[in-house]
Amino acid sequence: MTSAKKHVQVVVVGAGPSGLALAIELGLRSISCLVIEKNDRVGYAPRAKTSNVRTREHLRRWGIANRLAQAAPFGVDYPSNVVFVTRLAGREITRFENALFCSPERDERYSEHSQWIPQYKLEEVMLERALSLRHVEVAFNREFLDFQENDDGIVVRTRDLNGGEEITLQADYLVGADGARSVVREQIGARMVGQYGLSRNYNTIFEAPGLAEAQQHGPAIMFWQMNTDAPSILGPMDVGDRWFFMPTGVPAGIHYTEDETIGLIRDSTGIDLPYRILSSDEWVASTLVSDRYSRGKTFLIGDACHLHPPYGGYGMNMGIADGVDLGWKLAAMLQGWGGPAIIDSVLEERAPAHRHVIAEAERNHALNPNQLLHHALDDDSLEGRQARAKIAQAIQDGKRAEFFGLGVILGYCYQGSPIIVDDGTAADWRPALDYIASATPGCLAPHHWLEDDRSLYDLFGLDFTLLVLDSDPESDDAIVAAREEANALGTPLEIVRLDNQQLRTLYAAPLALVRPDQIIAWRGRRWPTGLLGKVTGFGQETVSTPLIGQHA
């Protein structure tokens, strides 16, 4: 049985974090969006546990950062320590405190701290927000079948898995957020290229009553265990004594039974408790990127177009950023204020970002627990002490970037994008440990806490924002010109004026145009004719002089 066609502006396949992020961005802009998900709920076998600084800043924009904090199973004050041990019942080798920037203490560099929370709880909070938007619908137990693009848009065939009814939709755009085995990717003829099989690993979720009390290393989010029984990573995941366990470097051809997995947990930790396995699945670490991100009016985001080892916690967060990026750009097209280059910018901006993050994750993956072993590591002897000291130094040298990679999270720059106006200054993606805020066009707008304890980001809305950082008459002229151009083109634009010398110094210019995703599109002293046409994808030339040497 086939139902009549229903029209929706955007169909999203997959209700994971990237698909939900896209749906929220669209729904906030009154774009009709249907998310279809073959499972009966969100949160099937999610592995991610870190919502990083940038993801939490997006949640702040969506009004749900506090809601996620309330959902934290151990509270936001729980120490985000990463402890390297011989085994949970053994010796400590070294540690990193406040790893991944989870401390709720205020930091000038960002508006929201990271949060250690299971991915399924994040998905629940995002789903709740998506469903609160009247233009968003989420259909569970709905399978994507195929699509055809025609002059009127896209015809999408789906099937209701409850009753078997085939449901056909008419859409303006289709987005595949359907994960590593993306059916949408397959149907647009894209393929993943790169290196498959860097390592084989298991992801096990288990109950361990009393395990937190049985170990002597204090609270932590991860314990890296370095022993020959089962080099592995484990840590607390949720209330109810729920933990995760990930043996690393599993040899090819080895498949663990439930009893064998329990034995590995017992032997690797040195703690004998009544463990109960809740789920266990094998995963292969790879570095893969799709050879295309779109075809016509169909796009890929999240794991559907990039995969890499989870070391550094970038994967899920990068998928959410994909949804944010595509969301405002599709809205611009559908509302008529976005031109062709805004769609071209999806690939030109996100692909370099993905490659940079993948390279960082691959470097982090290069040093695993199974590569940090020594036969005397647990011994109370001179050889044991020397071995622990040597490995501790190797960990501090080799793993710090993995847990303090703010340069990867915030230091990106879309220079070279067709919708960014170059001002002659240079900016590159920052090394992991080196984040220095830059207002170079293409970079994330530098953050600042205002005197009234508001974040500067709270003044940026869903639309473009012209940030005016002085009270000069010349800036008054810029405001008038910007409003006239916005009215003529239909570009949503807000004006934020702050006579703030500290911000003026930080932004190195009195004017900065901030995109809906908080990226600097342009900065300067005078509003150039045609600027909004350029940054919204119509490719109009701007009358702009390089910024170098113009700073007041």
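**View 1. Tyr412 and Tyr414, a tilted ring pair of buried residues.** Both tyrosines, Tyr412 and Tyr414, are buried in the predicted model. The ring centres of Tyr412 and Tyr414 lie 5.8 Å apart and the ring planes stand at 35°, so the pair is classed as tilted. This pair belongs to a structure that holds 21 aromatic pairs.

**View 2. Phe101 and Phe404, an edge-to-face aromatic pair.** The rings of Phe101 and Phe404 are 5.9 Å apart from centre to centre, with 90° between their planes. Phe101 is located in the loop between strand E5 (92–96) and strand E6 (115–116), whereas Phe404 is located in the loop between helix H10 (382–403) and helix H11 (406–410), so the pair ties together parts that are 303 residues apart in sequence. Phe101 counts as buried because its relative accessibility is 8%, and Phe404, with a relative accessible area of 15%, is buried as well.

**View 3. The aromatic cluster that includes Phe101 and Phe404.** Ring pairs join Phe84, Phe96, Phe101, Tyr110, Trp224, Tyr311, Phe403 and Phe404 into a cluster.

**View 4. Helix H1 against helix H8, a right-handed crossing.** The axes of helix H1 (residues 17–28) and helix H8 (residues 315–335) come within 7 Å of each other and cross at roughly 30°. Because angles under 35 degrees count as roughly parallel, H1 and H8 are described as roughly parallel to each other. On the side of H1, the residues in contact are Pro17, Ser18, Ala21, Leu22, Glu25 and Leu26, and these meet Met316, Gly319, Ile320, Gly323, Val324, Leu326, Gly327, Leu330 and Ala331 in H8. Sorted by class, the contact of H1 with H8 consists of 10 nonpolar, 4 polar and 1 charged residues.

**View 5. Helix H2 against helix H8, a left-handed crossing.** Here the axes of helix H2 (residues 53–62) and H8 come within 9 Å and cross at roughly 40°, and H2 and H8 are therefore oblique to each other. Thr55, His58, Arg61 and Trp62 are the residues of H2 that meet H8, where their partners are Asn317, Ile320 and Val324. By class, the residues of the contact of H2 with H8 divide into 3 nonpolar, 3 polar and 1 charged. Ile320 and Val324 of H8 take part in this contact with H2 and are also listed among the residues of H8 that meet H1.

**View 6. Ser30 and Asp241, two residues with positive phi.** Although Ser30 is not a glycine, its phi is positive, at about 65°. Ser30 is placed in the loop between H1 and strand E2 (33–37), and with a relative accessible area of 44% this serine is partly exposed. Asp241, likewise a residue other than glycine, has a positive phi near 55°. Asp241 is found in the loop between strand E13 (232–238) and strand E14 (242–247), and it counts as partly exposed because its relative accessibility is 31%.

Technical notes
Residues numbered from 1 in each chain as written. Predicted model: local features only at pLDDT ≥ 70, side-chain atom pairs only at ≥ 80, totals over all residues. Heavy atoms only, no water. Axes fitted to C-alpha atoms, helices over the stretch in contact; angles between N-to-C directions. Helix = DSSP H or I, 4+ residues; strand = E, 2+ residues; numbered from the N terminus. Parallel < 35°, antiparallel > 145°, perpendicular 65-115°, else oblique. Left-handed = near helix turned anticlockwise from the far one by under 90°. Contact = heavy atoms within 4.5 Å. Nonpolar A, V, L, I, M, F, W, Y, C, P; charged D, E, K, R; others polar. Phe/Tyr/Trp six-rings, centres within 6.5 Å; stacked < 30°, edge-to-face > 60°. Buried < 20%, exposed > 50% of the residue type's maximum accessible area, 1.4 Å probe, protein only.
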